[in-house]
Amino acid sequence: MTRSDRSLQAAIAASRFGLGALPGEIETAISDPEGWLVAQIQPEGGDIPQALGGGALPSCQDRFALVASCKAAQKAAGQDEILRNAAFKPLNDGFADEIMSRFWLGAVTPSPFRERWALFWANHFSVSANKGQDVMAVVGAFDREAIRPHMFGRFEDLLIASSQHPAMLLYLDQSQSIGPDSPAGLKRRGAGLNENLGREIMELHSLGADAGYTQADVTEFARALTGWSVAQGAVPPDQLGRFVYRANIHEPGPRTIFGRTYPPGQQDQAEAALRAFAASPHTAEHIARKLAIHFVADDPPPSLVARLKRGYLENHGDLAHVARVLIAAPEAWDPQAAKLKTPYEFLISSYRAAGIGPSDPRRDVLNPLSGLGHRPYTAPQPNGWPDQAADWASPDAMVKRLSFAQAFAGAHAPLQDPVQVATAALGARLTPATHTTLQRAETRQEAFAILLMSPEFQRR
Amino acid sequence: MTRQVLTRRAVLATGLSVTFLGLGAAARAQDARAFSDRKLVVIICRGAMDGLSVCPPVGDVNYSALRGAIALAPDQALKLDDTFALHPKLTTLYALMQGGQARIAPAVAIPQRIRSHFEAQDMLENGSGRLYGAATGWLNRTLEVVQPHRAIKALSIGAQEPLILHGPIEAESWSPGGRLNPNGDRVTAAVRALYQDDPLLGPALATGLQVQSEANVLNGGKPINGGDAKAFAVTAAKFLTDPNGPSIAVLSLDGFDTHANQGAATGQLANRLAILDGVIAGLQTGLGAQWRDTVVIVATEFGRTAHVNGTGGTDHGTASTVILAGGALKPGGLIGDWPTLQPTRLFEARDLAPTLDVRQVFKGVLREHMGVDQTALDTRVFPDSAAVRPVGGLVAA
């Protein structure tokens, strides 16, 4: 391979597989772009966002305790409106901390492919703070505890970790689902199944809507899932906010789900179904297509989907192997950048191009992303954020991107020569048209805003 | 002042030229003047809105037993007739119904029986009658078939453009919070030049800048708080009142997926319905005199189970309610038949059964309100749908 081939490859590696280049990143990757990406795959999984002052962010259990104390403070406030409103401030601040910590990691990480892989899976297993305070409190913990540790392991382990995390159990109402013929169900008239999590696991997380299962399969799986719940309410503090299996609400009996019968069981019954879903070629196809759409093109080459599907199946859903197959796929290196960055990717890559991190969670991250319709951890529906260019390129959205770029450049335009900045950010992807436009800019701010809005910076 | 005079003249000119072009064309030329004033707003309630709570059939003998704790008592709801009432949060809608400016279709479904939100929303919006049967939305195809007779525009309200508006004719879009001064600054000009060969980003930015400058005028430069449903809808409606503005607007409301703790007169669903009611109130206020030329359609991807589930909510069902509102409506009662909640009439023994295909309602509104030709409706807007007859008598002549 010649150096010019590798220059373009390094520029593609930093944008399509990464989060936009940090200053110097493309030069680091240039000797072996594929190797630079492969080296970011690690068995221990994704990087864990840290609290901004250093140290670990609160765990899921810590967050449950915080919600309980906020609710107690609100109760104690009585009719005092100011105190009542202040009671939940720690929870709102905690949510802002989670968003800021993850954003910060993205803005500074030297392993941006690893972070993109984490963001992909967090969106695949979407949980949303819009559900209410209980879920808002633990969306960040879900990302750190269920997604990141398993994202380079086997898909079945990731699927089980997601399905057993309190955030998911609350978000999709599983914690309240009761087997009608379980001991508790027989005593409580009106108690019964909730099939929300069961359906979304089959449709969104594993098999895919076109796999051919029926309503009866969904209901059977929902029965198998009964008992999967969260320790809440009057429980010992060391139990609060943990996954708990409740035998007394589990629907007894064997279950037949999507052509396979599972003997009567307990927690293991739904786990066996999840492992079977994970091993299905339908799941392999579903995951392969989503990955290809996310990383390569809205309408990806069928050969790429087939390659990723084979990679998934030949190694028992080992996601590190799937990541390596993606990196090695020739279709993934088409010089044409077909994807539009999401608002989150656009903001992170802007910070990376400037070589700085955000300083104020609300001003620098939450507010601009809310305006762009991409407030972290608040996907409107369980299928997560959309992943097609047309979804993010509405006229209004493009104006808001331009507005952000101008404000950001006004505050943070680097002091170097604009063409140097653009070359560090885009490498060989910088086009002659943008190069010329940057040279004509009258100020650094003007040039940097144009760079951020250039077609090659917006696309990846 | 000058602007008003000019635009009124522009409207007259449009009317005249449409009449002229309409001679011999498929459009109903004599009506073209009137159709050019018509406004259509489509509100998509995402997550599967529970029709049985929007217009609870409190007089249906099976209703309260099926619904248990989430059933509304007759004295909690706003009475419509011996069978139906409206949810108590829908006070604006109730007043409109009393005045003949709103109607409900209580048992409507998409063409195929699907219980995935996302597939069902695709089907609601692609209008093809088949899953993945079209990559464009039926409102975009409406713009296409109307375009030869009169060029009308559409507006997407919100940060993301919905499938219903996807297609070759670009829609405008707007959401609260933009503060850009688009008066031809150097960056904007440079970026527009760089986008000239980009088929996606170029047209999108150009349209967005145009809309943004209109929004600044409409709102006097004041920011709009997206959390205030009514104020948001008032501003959205003002786009439609601009003589050169869009004739069609789409907005999405979410949060209707009430699997648990749905509530009854108050609670989770009641809060969403209050927002919906606020949006309708805002549209009426913002449209002002043009409310009489307006139809609002409220639709959802499917309904929810007839019976309450084990967690005080409802799971994915089949038929739900479509609401029509607007001063252009012809006063009338229920749209479509009521299948009842008798156990033998429930679809798959669990859901309210549909008596209308949602396309029948859409076609009825497009034909009578927007003047879309029947053949175009049957073949292009809703392909292969000649057998799906439009509901008649929805819009005042």
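## Burial and make-up of chain B

A residue is called buried here if 20 or more other C-beta atoms lie within 10 Å of its own, exposed if 12 or fewer do, and partly exposed in between, with C-beta atoms placed from the backbone. By that criterion, 56% of the 397 residues of chain B count as buried. The structure is a predicted model, in which local features need pLDDT of at least 70 and side-chain atom pairs count only at pLDDT 80 or more, whereas totals for chains, interfaces and linings use all residues. Residues are numbered from 1 along each chain as its sequence is written, and chains are lettered from A and ligands numbered from 1 in the order in which they are written.

Chain B holds 13 helices and ten strands, where helices (H or I, at least four residues) and strands (E, at least two) are DSSP runs numbered from the N terminus. Among contacts in chain B between residues at least 6 apart in sequence, 72% join residues at least 24 apart, a contact being a pair of residues whose C-beta atoms, placed from the backbone, lie within 7 Å.

## The sheet of chain B

Eight strands of chain B form an open sheet with mixed pairing, in the order E6-E5-E7-E1-E8-E9-E4-E10; two strands pair if DSSP finds at least two bridges between them. The edge strands, each pairing on one side only, are E6 and strand E10 (356-357) of chain B.

Within this sheet, strand E8 (residues 294-300) of chain B runs antiparallel to strand E9 (residues 320-325) of chain B, and three bridges join them. B:Ile297 has B:Leu324 in E9(B) as its bridge partner.

## Where chain B touches chain A

On the two sides of the interface, 48 residues of chain B are in contact with 48 residues of chain A. The elements of chain B that give two or more residues to its side are helix H6 (117-126), strand E6 (172-174), helix H8 (186-194) and helix H9 (201-218), and the largest share, eight residues, comes from H9(B).

Helix H6 (residues 89-108) and helix H20 (residues 361-371) of chain A pack at an angle of about 85°, with their axes 10 Å apart; axes are lines fitted to C-alpha atoms, for helices over the stretch in contact, and angles run from 0 to 180 degrees between N-to-C directions. A:Ala96, A:Ile99, A:Met100 and A:Phe103 in H6(A) meet A:Pro361, A:Arg362, A:Val365 and A:Leu366 in H20(A).

The domain assignment, which is automatic or taken from a database, gives chain A domain 1 (172-279) and domain 2 (343-458).
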